[in-house]
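Subject: Structure handover

Hi,

Here is the structure I promised to pass on. Please open it alongside this note and follow along.

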Amino acid sequence: MIEILDDLDILARPDVDPRTLSLAGVRFGAKAAGTVTRDRVIEVTLSPIVHRTIGGSGRDTEYYGADGEPLSREEVIENVFETEGIVHFSGKFSYRIVGGTVSGFALYGAERGLLAHFGYLRSRDEFLDLFGTPDLVEESIDSGELMGYRHFYRAAEKQVFWDSWDDRVNSLNVGDFEGNSRRS
């Protein structure tokens with residue numbers, strides 16, 4: 001098992017197998033309920049029992065069910081651990097959970113997060129030299145402006161976003177995220 005925090009460069013390999021990785025001590029494929037530390041979770045997204053959230057800078061996120069009643073943070077976390085969703089941590093990383101199993105890792109924070117490790121890459125050409133040729137590239141365009149490129153590496157079930165405005169790796173995920181399927 002390769003711990004990502006001990007070897008961030010492993011993420012640059014175009015063929016890294018997510019099943020050989022762990023992030024912050026949690027193995028890819030592990031049961032969430034037995035391995036993910038609940039009190040370190042700072043936010044939850046995509047929980048099937050949450051129908052509305054209220055949150056923002058400097059305030060705790062509030063969760064509400066289909067009936068409009070508030071849900072406790074603990075209740076939402078337990079639901080994700082049993083079903084599916086994404087749990088987020090202050091270290092600028094997240095776990096994707098499907099069927100109660102950790103099925104993906106996401107890293108973000110190009111300036112102050114884990115991806116600052118790749119801050120020495122100053123051009124997309126340098127990025128491609130390090131990460132290799134992707135299987136698919138999608139342009140990200142907003143209001144007619146090129147925001148960046150999504151690079152898909154099927155063998156690694158990996159997606160890396162290159163931010164064209166700031167010339168840096170902005171986000172990276174491996175595992176069960178939209179577009180990452182080995183069959184896509």
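Predicted model: local features only at pLDDT ≥ 70, side-chain atom pairs only at ≥ 80, totals over all residues.

**The eight-stranded sheet**

Start with the open sheet of 8 strands. Its order is β4-β8-β9-β10-β14-β13-β12-β11. The pairing is antiparallel. Two strands sit at the edges: β4 (41-45) and β11 (136-142). Each of these pairs on one side only. From one strand to the next, the twist averages 20°.

As background, strands of a sheet pair through backbone hydrogen bonds, either parallel or antiparallel.

**Strand β9 and its neighbours**

Look next at β9, which covers residues 93-98. This strand is mostly covered, with 5 of its 6 residues buried.

On one side, β9 pairs with β8. The two run antiparallel and are joined by 6 bridges. Within this pairing, H88 stands opposite S94 in β9. The hairpin of β8 and β9 has 3 residues between the strands. There, K92 takes a positive phi near 65°.

β9 also pairs with β10 (residues 101-108). Again 6 bridges join the strands, and they run antiparallel. Y95 stands opposite F105 in β10. R96 has G104 of β10 as its bridge partner. The hairpin of β9 and β10 has 2 residues between the strands. In this hairpin G99 takes a positive phi, near 60°.

When you inspect side chains here, keep one general point in mind: in a regular strand they alternate between the two faces of the sheet.

**The three-stranded sheet**

There is also an open sheet of 3 strands, in the order β1-β2-β3. Its pairing is mixed. The edge strands are β1 (2-3) and β3 (26-27), and each pairs on one side only. β2 (residues 21-23) pairs with β3 in the antiparallel sense, over 2 bridges. L23 has V26 in β3 as its bridge partner.

Helix α2 takes in residues 73-82. It lies across β4, β8 (84-89) and β9. Its direction is about 125° to β8. Which residues of α2 are buried? They are V76, I77, N79, V80 and F81. What do these buried residues pack against? The list is α1 (32-35), β4, β6 (59-64), β7 (70-71), β8 and β9.

Helix α3 (residues 124-131) lies across β11, β12 (145-153), β13 (158-163) and β14 (168-175). It runs at about 5° to β12.

**Salt bridges**

A search of the whole structure finds 8 salt bridges.

First, E62 and R59. Their side chains meet in a salt bridge at 2.8 Å, N to O. E62 counts as partly exposed because its relative accessibility is 30%. R59 is partly exposed too, with a relative accessible area of 42%.

Next, E111 and R168. Their side chains meet in a salt bridge at 3.0 Å, N to O. This pair links distant parts of the chain. E111 is in the loop between β10 and α3, while R168 is in strand β14, 57 residues apart.

Last, R168 and D166. R168 also forms a salt bridge with D166, the closest N and O atoms being 3.1 Å apart. D166 is partly exposed, with a relative accessible area of 37%. Salt bridges that share partners join E111, R112, D166 and R168 into one network.

**Where to begin**

I would show β9 with β8 and β10 on either side. Finish with the network of E111, R112, D166 and R168.

Best wishes

How values were computed:
Residues numbered from 1 in each chain as written. Heavy atoms only, no water. Pairing = 2+ DSSP bridges. Helix = DSSP H or I, 4+ residues; strand = E, 2+ residues; numbered from the N terminus. Axes fitted to C-alpha atoms, helices over the stretch in contact; angles between N-to-C directions. Contact = heavy atoms within 4.5 Å. Salt bridge = Lys/Arg side-chain N within 4 Å of Asp/Glu carboxyl O. Buried < 20%, exposed > 50% of the residue type's maximum accessible area, 1.4 Å probe, protein only.
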